[in-house]
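Reader: Before we look at anything in particular, could you take me through the features in turn, giving the general idea and then the case at hand?

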Amino acid sequence: KRVQVLEQSLKQHVGFHDSVIMAAKTAGGDAARQMVMGGVGKTRMDAIRHVVSEMRGAEDKLLQERTRIAGSSFDSATRANLVGFLTGTALSLAAGILIWRIAGVRRRAAAELYQQREWYRTTLTSIGDGVIATDTRGVVTFVNTVAEQLTAWPEADALGQPITSVLKMVNETTRQPTPNPVTQVLATGVAADLANHTALIARDGVERPIDDSAAPVRDEHGNMKGAVMIFRDISARRLSEQKLRDAEERFRQTAVMTGEWIWEQEPSGRYIYSSEAVKEIIGFEPQEIVGKHYSELFSGS
């Protein structure tokens with residue numbers, strides 16, 4: 001009966017570790033780790049040890065009884081000892097196989113977790129935006145290559161530093177420090193975006209306009225484990241915007257200098273710009289033109 005109980009317990013224990021492997025594959029390493037740390041495996045292993053202990057106790061008791069009955073019979077004592085030895089050997093072998101299988105399960109789970117972490121690290125390193133992750137205290141735990149370039153903080157130097165030391169930001173206009181989105185996320189648990197007109201001051205003093213967003217990092221139970229910030233250099237975009245504003249200003253100055261009515265229309269015929277000369281030529285103010293369809297202003301057109 002105890003052998004049957006032991007066999008069933010071994011099957012359940014092996015099945016539990018198979019479920020750990022499946023959880024690692026489907027729900028991730030943290031889920032598998034939570035199952036292992038939950039104590040189910042230890043409880044079942046203790047039950048197996050208990051059954052083995054009972055079997056050893058039963059064999060010892062049987063040996064003693066047979067020895068007592070046989071008295072001085074050397075042959076009987078030898079057979080009883082042999083039975084006990086073989087039983088103990090079989091049990092030790094079974095326990096050794098079980099331990100070997102458990103160790104194999106743990107090795108495979110650890111290997112899969114390592115591969116998953118490396119995949120995430122490779123992905124975050126390869127994207128074109130800067131990525132910095134922190135723990136719940138705001139201490140840097142990860143910096144990708146782009147973030148290293150923008151902040152001038154090598155990952156080896158940044159790890160373990162407060163996020164406020166690695167990411168120093170000011171308002172481009174007022175030059176006042178701007179709130180760090182990661183700090184806001186850790187305080188509120190809600191994603192946050194950087195304020196407009198924010199400049200990042202790198203460790204080497206280089207200043208760049210950036211935009212970004214930060215979000216909380218949570219485990220499978222919804223508990224916050226830290227925060228991640230993704231940001232990018234928008235210097236080229238700012239330059240393009242300035243060029244566009246300069247071109248628009250030159251266009252408007254040209255329109256004023258010509259003294260002619262100059263306008264822009266959408267393909268539908270709705271005005272989107274009118275020079276000041278419209279008032280002198282057809283009697284409308286520019287604001288009366290913009291936003292209207294030409295058919296609203298000129299009957300019969």
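Author: Let us begin with a term: on a 1 Å grid over the protein atoms alone, a pocket is an open set of points where a 1.4 Å probe fits, with protein on both sides within 12 Å along at least five of seven lines, and its lining residues have an atom within 4 Å of a point. Grid points are joined across faces, edges and corners, and the volume is the space filled by probe spheres set on the points. This is a predicted model, in which local features need pLDDT of at least 70 and side-chain atom pairs count only at pLDDT 80 or more, while totals for chains, interfaces and linings use all residues. Residues are numbered from 1 along each chain as its sequence is written, and side-chain values use heavy atoms, with hydrogens and water left out.

Reader: What volume does the second largest pocket have, and which residues lie nearest its centre?

Author: Rolling a probe the size of a water molecule over the atoms shows where empty space is left. Here the second largest pocket has a volume of about 230 Å³, and among its 13 lining residues His-13, Gly-41, Lys-42, Met-45 and Arg-106 lie nearest the centre. Two or more lining residues come from each of helix H1 (2-26), helix H3 (40-70) and helix H4 (74-126), helices being DSSP runs of H or I with at least four residues and strands runs of E with at least two, numbered from the N terminus. The largest contribution to this lining, five residues, is made by H3.

Reader: How far apart are the end C-alpha atoms of H1, and which of its residues are buried?

Author: The expected span of a helix is 1.5 Å times one less than its number of residues. For the 25 residues of H1 that gives 36 Å, and the end C-alpha atoms are 36 Å apart, which agrees. Buried means under 20% relative accessible area, exposed over 50%, and partly exposed in between, with a 1.4 Å probe and protein chains only; the buried residues of H1 include Leu-6, His-13, Phe-16 and Ile-21. After H1 comes Gly-28, with a positive phi near 105°.

Reader: How many salt bridges does the structure hold, and which residue pairs with Arg-175?

Author: Side chains of opposite charge can pair when their charged atoms come close. A salt bridge is a side-chain nitrogen of Lys or Arg within 4 Å of a carboxyl oxygen of Asp or Glu, and the structure holds six of them. In one of these, Arg-175 meets Glu-207 at 2.7 Å, N to O. Glu-207 lies in strand S6 (residues 207-218) and Arg-175 in the loop between S3 and H8, so the pair ties together parts that are 32 residues apart in sequence. Another salt bridge, also given as 2.7 Å from N to O, brings Asp-211 and Arg-232 together. This pair links strand S6, which holds Asp-211, with strand S7 (residues 224-233), which holds Arg-232, 21 residues apart. Through shared partners, salt bridges join Asp-129, Asp-211 and Arg-232 into one network.
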